[in-house]
Amino acid sequence: MPKSELVRWSATYSVGIKLIDDQHKGLLDLVNDLFNHVSADEATERAYFQKVIQTAVNYVKVHFATEEKIMLATRFPGYAEHKKAHDTFVLTVVDNIRDFEAGKKFTLAGFTRFLKDWVLTHIAIMDKQYFTYFKQIASRKANGRLTINQGDLQRR
Ligand SMILES: [Fe+2]
């Protein structure tokens, strides 16, 4: 079956930090992978979801932790609100998994739609807030550039 894309990363989603942009691309890949496994057969969908969901959750957690470290390191004033949005999202996904494991009605299309809508809205609104803030900080720096790399994050 040819792979199709439900979502495609574009420069409009960029938050100005390559590491985060790459992780966001990974999230969109995840959405597309889920989308490509939507089928008419619930048992097949369940088996796939069971197989991939824990890895997906771990990926999301690593991504959120990366963003949160950067926000803390740069004293981003919207940190608490942003962290709360991440935590609420994780709790919602955990609830979804619990319902899934309890055998409640599950459709991969429904979960994929929820994930797509949340990720795109979150990037477009909340992640863009720290993007704007970082640009303000960067403009105050003598060289006009703000560079954050993985090494910097691990030292903090
Ligand atoms: Fe975020």
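Arg75 sits in the loop between α2 and α3 (79-101). The model is predicted. The protein holds five helices and zero strands. From the N terminus, the order reads α-α-α-α-α.

**Arg75**
- Phi of Arg75 is near 55°, which is positive, and the residue is not a glycine.
- Most residues other than glycine have a negative phi.
- Is Arg75 buried or exposed? Arg75 has 9 C-beta neighbours inside 10 Å, so it counts as exposed. The cut-off for exposed is 12 or fewer.

- Helix α4 covers residues 108-140, 33 residues in all.
- At 1.5 Å a residue, α4 should span 48 Å. Its end C-alpha atoms lie 46 Å apart, which agrees.
- Where does α4 bend? The bend is at Ile123, by about 40°.

**Helix α4: buried face**
- The buried residues of α4 are Thr112, Leu115, Val119, Ile123, Asp127 and Tyr130.
- An α-helix has 3.6 residues a turn, so residues three or four places apart point the same way.
- What covers the buried residues of α4? The cover includes α1 (18-36) and α2 (42-73).

**Whole protein**
- Of the 156 residues, 14% count as buried.
- Among contacts with a separation of 6 or more, 76% come from residues 24 or more positions apart.

Notes
Residues numbered from 1 in each chain as written. Predicted model: local features only at pLDDT ≥ 70, side-chain atom pairs only at ≥ 80, totals over all residues. Helix = DSSP H or I, 4+ residues; strand = E, 2+ residues; numbered from the N terminus. Buried ≥ 20, exposed ≤ 12 C-beta atoms within 10 Å, placed from the backbone. Contact = placed C-beta atoms within 7 Å. Expected span 1.5 Å × (residues − 1). Bend = angle between axes of the 7 residues up to and from the residue.
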